[in-house]
Amino acid sequence: MKIKLIITIIFLTFFTKVQSQDITKFKEDFKLSLDKKFNETNINDLFSRYPHLLTAQSDITQLTSNLKGENLRNYPLSDFKNDDLYIDNIDKILNSDNSYQRLFSYLIIGASNDLTKEDQLLDKLKMEKVKDNLIWCVMSLLNLKTKHTTEVFDFLVENEDFGDAHMLQLFIKLDKDSLQETAYKRYNSENLKAKILAIQILSQTGKNPETEKIVLEAVTNWDLNIKGYAIYTVKELQIGNLLQTFKPFLDNDKTRKIALEALANSPTNSDKEYLKTLTTKKDSISDDLLDCFFESKKIDNLKFWLELLKTKKVSNDYYFSVPSNRLIYSDELLPNIQNTLKETENEKVIEELVRGLQGRNDIESTNILIGFLKHKNSSIRYWSAEALKGNKNQKVIDLLPILINDKENRTTALVNLLIENNINNQQSVLEKIYKESGEDLDWERSSLEYLANFPLEKHKELFKKILKNDKSDFSIRYDVALGLGKLKDLSSVDLLIKVCEETRKESDLNSRTYLEALAMIRGEKAKKEIESFLNSDEEVVKELATELLRNWN
C-alpha cells in the first residue's frame, strides 16, 4: 500500500465532501473490515472517510480540522474499546494473516488508547514484515505514549527513510526518563544514525552531570562532520564553561554558527564576554554573530543584539524574524526596541523590528509607528500600520483618512485600520482605488473588503457582477456576498443560492459565507436554502445553519 497516496487522500478531505465521522457508521464499517477479503481499496476508503477517528495525531488531519473550525479528541475511539464489537474482534484482526486488517487494528488501538495491547504491538515490531504496517504500528505505540522507547528508537534508526519528522516529534514527547535511558544506551553505538539521534534526544531530557559529561565528550571526540549535533545539544541545555573547547570551532564553517549559539546560551560569564569581544573587532558585524545573540534564550543577549543593530554596520541581506522569538515581546525589552528603531538607519532592520511593537499602545511606541507611516520604504509603512492594529489612540484614528487619501504613502494595511476603527466615510477613495487596482490583487481585495464592510446602494451591481464571475478571487466573492447581505438586497437571493449550490459541490465548507449573507437578507427562499444544510456532512456547517435559523425571528 502506498502511504503517500493515503496522506494525499487525507489532505484532500478538506476540499472534497467528507462522510460523517459518526461512530455508528464507523462500527458498521468495522464489521465489514472483518471480512477476509478486506483489501487495500477498503483501507484507503477508511482512511479518507474517518481521518478524525483514525489519524487524529496527523499534522494534516489537524490542519484540516483547524481550517474547518473543528476540535479533535486525543483518543476519539476511547469508548469503542469497551464495546463488545471491539473486544470480540480486535485480536482477530491484530493477528490476521491479512496485512490490511493488521494495519487497521494498529490504527484503532492507537486511536482508542488501548494500553492492554502495548505488549502485542511491541511483538509486532519484531514480527511484522510489511514496512507500511510497521509505520502504523509504531504510530500506535507513540499514541499510547509507550515507555518502551528503546524499541521505538531502534525502529526510527533502522527505518530512517520511513521515520519521518512527524514521528520524531511524537517520539521526543514521550516519557523523559525513558528517553534519557535510551539515549544513554545508544550514544556510543557504531551506527552513525543512532549516535546522532541519541545525542539529539538528550537535548530534550534536561541537564544533569551524566548528560553533560556524555555531550561534552561527544563534542570533543566526534568527527567534525557530526560534531555539530553534539554542539546543538550543548546549546539547548545551556551548558557552561565552554570557551577553551569551543574556540577552535569558531574558525570552521561546519561548526562556527552552532558554536556561537552555544556560547551565547552559556551561563558562564567568560563565555558570554568572549562573544562580546568578537563584536568589537570591526565596524561591521557578521550575520552569524548577530544571530547567536538574537536566537539566545537570554534576554540580556537580546538587549545586546538590539544595541549592535544601531551601533554596527549590518549587512543589507541580514534577516531575522521577530515572530520567531517570543522574548522580543517582553516588557523588559520594549525600551531597547524603541531606542533601536529611533536610531538605526538600516531599513531592513526597521521593517522587521517594527513588528516588535505589535499590540503596544503606549505613547512612545505609538509615536514611533506613526512616524514610520510616511517612510519612503513601503514595507516599513505596511508593517508599521499592521503593528497599529488594536491601537485606539485618537491621533492614529484622525490620521487614517489623510493617509488613505495619500496615493504615495498608503498601504493595504491602512484599510484594515479603517475597518477596525469603523471609519465609514471613505467609499469614494476606495472606489477609485478599486478602479485603478488593475492586476494588483492586494489592493483589489482590500478596496472591496472596505466597500463590503460599508456598502452603499450603488455598490449592488458591482458586487453582483463580481459574484457572478466564478474566476474572481474566492475571498473577494466572500466579501461582496456579505456586502449584499448587509444591504439586505432581496434581488441577489437567487444569485447567492446559485453560488451556494455551486460551491457546495466540492465541500459544504465553501458555502458558509453565502449562508451568512442569506441570513442577513432573510425571506423564504433564503431560509429554505439554509435549511438544506441542516443535514450537512460537515458538523461545523450543520451548526452554523442551525444557529442562523435559531436567530431567524
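At what angle do helix α30 and helix α32 pack, and how far apart are their axes? Some notes on that and a few other spots follow.

1. Ground rules first: this is a predicted model, where local features need pLDDT of at least 70, side-chain atom pairs count only at pLDDT 80 or more, and totals for chains, interfaces and linings use all residues. Residues are numbered from 1 along each chain as its sequence is written, and side-chain values use heavy atoms, with hydrogens and water left out.

2. The overall picture: the chain has 34 helices and 2 strands (DSSP runs numbered from the N terminus, H or I of at least four residues for helices, E of at least two for strands). Its C-alpha trace spans about 75 × 75 × 35 Å along the principal axes. Of the 553 residues, 54% are buried (under 20% relative accessible area, 1.4 Å probe, protein chains only). Take the contacts between residues at least 6 apart in sequence: 67% of them join residues at least 24 apart (contact means heavy atoms within 4.5 Å).

3. Back to the opening question: α30 (residues 474–486) and α32 (residues 512–521) pack at about 10 degrees, their axes 7 Å apart (axes are lines fitted to C-alpha atoms over the stretch in contact, with angles from 0 to 180 degrees between N-to-C directions). That makes the pair roughly parallel, the word for angles under 35 degrees. On the α30 side the residues include Tyr478, Ala481 and Leu482, and on the α32 side they include Tyr514, Ala517 and Met520. The contact divides into 8 nonpolar, 2 polar and 3 charged residues (Ala, Val, Leu, Ile, Met, Phe, Trp, Tyr, Cys and Pro are nonpolar, Asp, Glu, Lys and Arg charged, the others, Gly among them, polar).

4. Now α17 (residues 256–265) and α18 (residues 269–278): their axes come within 7 Å and cross at roughly 125 degrees. Leu260, Leu263 and Ala264 in α17 meet Asp271, Lys272, Leu275 and Leu278 in α18. That contact has 5 nonpolar, no polar and 2 charged residues.

5. Helix α3 (residues 40–49) has Ile43, Asn44, Leu46, Phe47 and Arg49 as its buried residues. Asn39 caps the N-terminal end of α3, with a side-chain oxygen 3.1 Å from the backbone nitrogen of Thr41.

6. Leu156 sits in helix α10 (residues 149–158) and is buried, at 8% relative accessible area. Its C-alpha is 9.4 Å from that of Ile135, 21 residues apart along the chain.

Notes: Buried < 20%, exposed > 50% of the residue type's maximum accessible area, 1.4 Å probe, protein only. Polar contact = N/O pair within 3.5 Å; in protein donor to acceptor, adjacent residues only side chain to side chain. Parallel < 35°, antiparallel > 145°, perpendicular 65-115°, else oblique.
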